[in-house]
Amino acid sequence: GKPLVVAIDGPSGSGKSSISREAARRLHAAYLDTGAMYRAVTLYCMEAGIDLEDSVAVEAATRNADIELSTSPDAEWVRVSGRDVTDAIREPSVSSSVSAVATTLGARAELVRRQQQMIADSGLRIVAEGRDITTVVAPHAEVRILLTASEEARLRRRGVQLGGTQSAAQLKEQVITRDAKDSTVVNFQQAADGVVTIDSSDLDFEETVQAVLKVVYATT
Ligand code: C5P
């Protein structure tokens, strides 16, 4: 078939992952969660006792890290060195350290290379989401979307996602502080040239999926 790479970027709590996964299902496409790769490298470094401030060590660890992840929208799993870390990479300790890996340029270069390989391996039928997919990983994707939401909507969704057990301060730390750190190396707050913005603040899940599919059908 014709290539259909759908690149979706957006901040934390924008609903990117669940929306992208569902869009992939409906398009009978593969799904790539690039954030899971940054999280897996972070966990790998933490377990290996690597100083996350040491960019040379983090880059070397990223190159060495044996990471596998599902590209099926119907099966979510991530493995590091053959061990299942699907849940472990979502722990708050990983969330609060992941920006250290994301701001290490050598680590990014390695992960971008792997992500481009995974997109090629999908037969170019894939929904890939993250922070730099529309700009760096797949700037020539058939469809490029920036999925945004107001700060209020993002905090609300993250609160629900984490089960409502976190304090407002913890939530803010995980959403706002992390985005601020990530923004120092990737611009996912503004749409690059040719990227369509979807603001999901006032849309429910199904409406947001429909908005994404509408862009796909309009551009392909
Ligand atoms: O999407 P998620 O919140 O799981 O991403 C985790 C972290 O991975 C982000 O906070 C960011 O530091 C990093 N990331 C990135 N570039 C991507 C995807 C994720 O820097 N394409």
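Student: How do you know that strand 4 and strand 5 pair, and in which sense do they run?

Tutor: Before anything else, please keep in mind that this is a predicted model. Two strands pair if at least two bridges are found between them, and strand 4, residues 78–80, has 2 bridges to strand 5, so the two count as paired. The sense of that pairing is antiparallel, and within it Val 80 has Arg 83 of strand 5 as its bridge partner.

Student: What makes strand 3 and strand 5 edge strands?

Tutor: The open sheet to which they belong has 3 strands in the order 3-4-5, with antiparallel pairing. Strand 3 (67–69) and strand 5 (83–84) each pair on one side only, which makes them the edge strands.

Student: Why is His 28 called exposed?

Tutor: A residue is exposed if 12 or fewer other C-beta atoms lie within 10 Å of its own, and His 28 has 10, so the word exposed applies. His 28 sits in the loop between helix 1 and strand 2, and, although not a glycine, it has a positive phi of about 55 degrees.

Student: How do you know that strand 6 is largely enclosed by the rest of the structure?

Tutor: Strand 6 covers residues 125–130, and because 5 of its 6 residues are buried, it is described as largely enclosed. Strand 1 runs parallel to strand 6, joined to it by 6 bridges, with Val 6 standing opposite Val 127. Strand 2, residues 30–33, also pairs with strand 6 in the parallel sense, over 4 bridges, and there Ala 30 has Ile 126 as its bridge partner.

Student: Why is Ser 12 called buried, and what does it touch?

Tutor: The cut-off for buried is 20 or more other C-beta atoms within 10 Å, and Ser 12 has 20 such neighbours, so it counts as buried. Ser 12 belongs to the loop between strand 1 (4–9) and helix 1 (16–27), and, leaving aside residues up to four places away in sequence, it touches Arg 154, Val 175, Arg 178 and Asp 179.

Student: How do you know that Gly 15 is buried?

Tutor: Gly 15 has 24 other C-beta atoms within 10 Å, and since the cut-off is 20 or more, it is therefore buried. Gly 15 is also in the loop between strand 1 and helix 1, and among the residues it touches, not counting those up to four places away in sequence, are Leu 147, Ala 149 and Arg 157. An unreviewed UniProt entry places the feature "binding site" at several positions, including Ser 12 and Gly 15.

Student: What makes the length of helix 2 close to what is expected?

Tutor: Helix 2 (residues 34–47) has 14 residues, and from its first C-alpha to its last it reaches 20 Å, which is close to the 20 Å expected at 1.5 Å a residue. Helix 2 is followed by Gly 49, whose phi is positive, near 70 degrees.

Student: Which element gives the most to the shell around the ligand?

Tutor: Helix 2 gives the most, with 4 residues. The ligand is surrounded by 15 residues, of which the closest are Gly 35, Tyr 38, Ala 102, Gly 130 and Arg 131; the elements giving two or more residues to this shell are helix 2, helix 5 (98–102) and helix 9 (168–182). By residue class, the shell divides into 5 nonpolar, 5 polar and 5 charged residues.

Conventions: Residues are numbered from 1 along each chain as its sequence is written. This is a predicted model: local features need pLDDT of at least 70, side-chain atom pairs count only at pLDDT 80 or more; totals for chains, interfaces and linings use all residues. The expected span of a helix is 1.5 Å times one less than its number of residues. UniProt positions are given in the numbering used here, feature names are shortened, and annotations may be inferred rather than shown by experiment. Two residues are in contact if their C-beta atoms, placed from the backbone, lie within 7 Å. A residue is near a molecule or strand if its C-beta atom, placed from the backbone, lies within 6 Å of it. Ala, Val, Leu, Ile, Met, Phe, Trp, Tyr, Cys and Pro count as nonpolar, Asp, Glu, Lys and Arg as charged, and the others, Gly among them, as polar.
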